[in-house]
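Colleague: I have a new model to read with you. Shall we take it step by step?

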Amino acid sequence: MWVVANQKAKGGQALTKAVYWFDEPEDHNYPAAEEYLMLHFGRETAKGLSDRLRRESVQYFKAKDIFRASKLSHAGISNEQVEKTLEKIENGKKLSPVLLVRCINALIIADGYHRVCAVYSHDQDVKIPCKIV
């Protein structure tokens, strides 16, 4: 389990709660990523990317940098999935690492967009565990 430590203000008081992560993405994240990738690529390419993501090791990137590279807008906290993920963070529940695909013009968040949005809302400097191809 990977944990983002609480950030401290002067006097040692925590500014944000820790974000807890599973060591690896959950099994259902890969088919979800593959379905989304089929919107960008053909079925075979999407399957190949999903297979490659399974084999990659986890790397860490700040939430704000993932958004900048993806060129996506942030789903606000009024989004139901973002709200549920923020609740998980507040309750100390683990989140699944994010699956990313590098493209020529932008980074594709193949799985984990709402997790990235929630973490960004919580603290944009939190490093998110990701698998990236």
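Modeller: Two strands pair if DSSP finds at least two bridges between them. Keep that in mind for the sheet. This is a predicted model.

Colleague: What is the average pLDDT of the protein chain?
Modeller: pLDDT is the predictor's confidence in each residue, from 0 to 100. Of the residues, 84% score at least 70. The chain average is 88.

Colleague: In what order do the four strands of the open sheet stand?
Modeller: The pairing is mixed. The twist averages 45° from one strand to the next. The order is S3-S7-S5-S6.

Colleague: Which strands stand at the edges?
Modeller: An edge strand here has a single partner strand, so one side of it is left without a neighbour in the sheet. The edge strands are S3 (59-62) and S6 (107-111).

Colleague: How many bridges join S3 to S7?
Modeller: Strand S7 covers residues 127-132, and S3 and S7 run antiparallel. Glutamine 59 stands opposite cysteine 130 in S7. The number of bridges is four.

Colleague: Which helix lies across S3, S5, S6 and S7?
Modeller: Its residues are 63-70. It runs at about 85° to S3. The helix is H3.

Colleague: What angle does the direction of H5 make with that of S6?
Modeller: Helix H5 (residues 113-122) packs on the sheet. H5 touches S5, S6 and S7. The angle is about 105°.

Colleague: How many nonpolar residues does the contact of H4 with H5 have?
Modeller: H4 brings Gln81, Val82, Thr85, Leu86 and Ile89. Residues from H5 include Cys117, Ala118 and Val119. By class, five residues are polar and one is charged. The nonpolar count is six.

Colleague: Is the crossing of H1 and H2 left-handed or right-handed?
Modeller: The axes of H1 (residues 29-37) and H2 (residues 43-55) come within 8 Å and cross at roughly 145°. Tyr30, Pro31, Glu34 and Leu37 in H1 meet residues of H2, among them Leu49 and Leu53. The contact has six nonpolar, one polar and three charged residues. The crossing is right-handed.

Methods:
Residues are numbered from 1 along each chain as its sequence is written. This is a predicted model: local features need pLDDT of at least 70, side-chain atom pairs count only at pLDDT 80 or more; totals for chains, interfaces and linings use all residues. Side-chain values use heavy atoms; hydrogens and water are left out. Helices (H or I, at least four residues) and strands (E, at least two) are DSSP runs, numbered from the N terminus. Axes are lines fitted to C-alpha atoms, for helices over the stretch in contact, and angles run from 0 to 180 degrees between N-to-C directions. Contact means heavy atoms within 4.5 Å. Ala, Val, Leu, Ile, Met, Phe, Trp, Tyr, Cys and Pro count as nonpolar, Asp, Glu, Lys and Arg as charged, and the others, Gly among them, as polar. A crossing is left-handed if the near helix is turned anticlockwise from the far one by less than a right angle, and right-handed if clockwise.
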